[in-house]
Amino acid sequence: MVEITRIHAIEILDSRGNPTLLTKVVLSDESVGEAKVPSGASTGIHEAVELRDGGKRFGGKGVTRAVKNVNTTIAEAMISVNPLSQKAVDEALLGLDSSKGKGELGANAILSVSMATAAAAAKHLQMELFEYLRTKVLDRPVRYLQPVPMSNVINGGAHAGNELAIQEFMILPIGMKSFPEALRCVSEVYQTLGKGMIKKYGRMAKHVGDEGGYCGFGLKSTTDAFDAIIRAIEEVGYRPKKDVVLGIDAAASGFFENGKYHIDGEQLDPPELRDFYINLERSYPLSIVEDPFEEESFADFTDYTRRTKIQVITDDLTVSNPQIVKRAIDEKAGNALLLKVNQIGTVSEAIESAKLANSAGWSVVVSHRSGETSDTFISDLSVALSNGQIKTGAPARSDRVEKYNRLLEIYDLLGGECGYPSSEFRIAWRKY
Ligand code: PGA
Ligand code: ZN
C-alpha cells in the first residue's frame, strides 16, 4: 500500500507580499502533491485561525511557527495515515489540534497538508485533481459542469483605497455556451471597462485592487460603478441581463459601525439597507448579493432572502463551517454558500459544508481569497463540485488568472465534454 514518506513546508509569499506556506507531500511511489495557502483581508470573526509569528519580522505576519508545525508534529503523525483516504487524512489532522479554531498548530499549517495530500493521492492514482475529488472524495458520478466565472471587475471596501463601501462588483457571463467563451466575455468587458474608466477619470483609474479589479478611482457611489460596468458590457456588444448579469459582494461588516451601515454618504439601518439592495435589483440586472449584512445578523439575512428572488450568498456569516452552515440553512438566511477551504482548514470539512448546502437546495460558490498564490486547487474543486459558480477575481494578475487558465485546461482535458450553466446558473448543479 502506498504511504506518506515525507512532508515538507517552507515559508513563501502571497499576492500581497505576506508570508504563507508551501507544503509538499511525497508518497512512497514518489508521487508529489503540493499546496500553497491563501489568506483573507475581510475575514469573518468565526474563521479558522491562521498561525502567525508576531514580533517584528514581516510585521508579525511570518509563518515560521506554522512551517515548523508541519515539518515536525504534523509530518511525524501523518507517516502512518493512508493518503488515499481524505477522510482519514483530515481526521488525523483534526486529532492533532483540539483548539476551537485550529490555532494551536495553525489552520494554515493543517490546510496545507490536507490539500497537498489530496494532490499527491490524485498523482498516485494518475488522475487529475478534479477527477480525484469528484469520484474518490465526493463520491459523485463522472459528469462535469464548469463554473460561471463571477469576476470582480471593480474592487472596493477592504480591497481598494476608494470611496466604494461595496467590496466587489462582479460580472457573470450567463449567456455563453462554454467556459472558454465566458472567460473571453469577461476579459473583453474588463478591458473595455478599463479604457472607459481611464477616459472618464484619468490614468489613476487603471490601477487595480487586491483581486485585480479596477481600483474605482473617481467612482463615488454604488450606482456609479454599476453604470460604468453596464456601459462597458454594451460597448463590447453584449446584452446586459441576457448575456451578462451583475453581482456584488457587499462584505457589509466592512461598513457597519455603531449599528448603522455607512454607504454612499448615508447611514442606513438594516431595513433601509435591505431596501437599498431591492432598489438596485429593480434598476440593474443584479442577480447576486453576497454578505448583504454584517457577519452575525442572521435575522436580517433571513428577512432579505424571504423578500428577494435573487441569489443571496453567505460568506462571513457562515465561514464554510458545517455547524454555522446548518444554522444558516435552518434559519433560511440565504440560498447559496460561499466556500473557502481556508476558512475552515481541511478539505473534508469544506466538502461537508458543501454537501449540507446542496442537501438543503443551496448552491455552492467556490472562492479564492484576496491574498492568493499560484495554487489552482479551487479550480479543480469547483469542477469536482460541479455547482456552476466560481469567484476568483478579475482576469488580471497571475494569482487570479492561473485559476481561470486551469479551468481552460480542464475544459481541454475533458474534450469540451462538460456543461456550462448559462442563465440557469442557480439551479444547474441539481442535474449533476
Ligand atoms: P477576503 O475577501 O479574502 O479578503 O476575505 C473575499 C470575500 O469577502 O469574499
Ligand atoms: Zn465575501
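**Pocket close-ups in a predicted model**

**Figure 1. Strand share in the second largest pocket.** β3 gives the largest share of the lining of the second largest pocket, five residues. Helices (H or I, at least four residues) and strands (E, at least two) are DSSP runs, numbered from the N terminus. At least two lining residues each come from β3 (32–36), α3 (107–124) and α12 (377–385). This is a predicted model, in which local features need pLDDT of at least 70, side-chain atom pairs count only at pLDDT 80 or more, and totals for chains, interfaces and linings use all residues. Residues are numbered from 1 along each chain as its sequence is written.

**Figure 2. Centre and composition of the second largest pocket.** A pocket is an open set of points on a 1 Å grid over the protein atoms alone, where a 1.4 Å probe fits, with protein on both sides within 12 Å along at least five of seven lines; lining residues have an atom within 4 Å of a point. Of the 17 lining residues, Glu34, Ala119, Lys123, Leu129 and Thr376 lie nearest the centre of the second largest pocket. Its lining has seven nonpolar, three polar and seven charged residues (Ala, Val, Leu, Ile, Met, Phe, Trp, Tyr, Cys and Pro count as nonpolar, Asp, Glu, Lys and Arg as charged, and the others, Gly among them, as polar).

**Figure 3. The largest pocket.** The largest pocket has 18 lining residues, with His46, Lys100, Gly101, Asn321 and Ile344 nearest its centre. α9 (322–330) and α10 (341–344) are the elements that give two or more residues to this lining; α9 supplies the largest share, three residues. Seven nonpolar, six polar and five charged residues make up the lining of the largest pocket.

Methods: Chains lettered and ligands numbered in written order. Heavy atoms only, no water.
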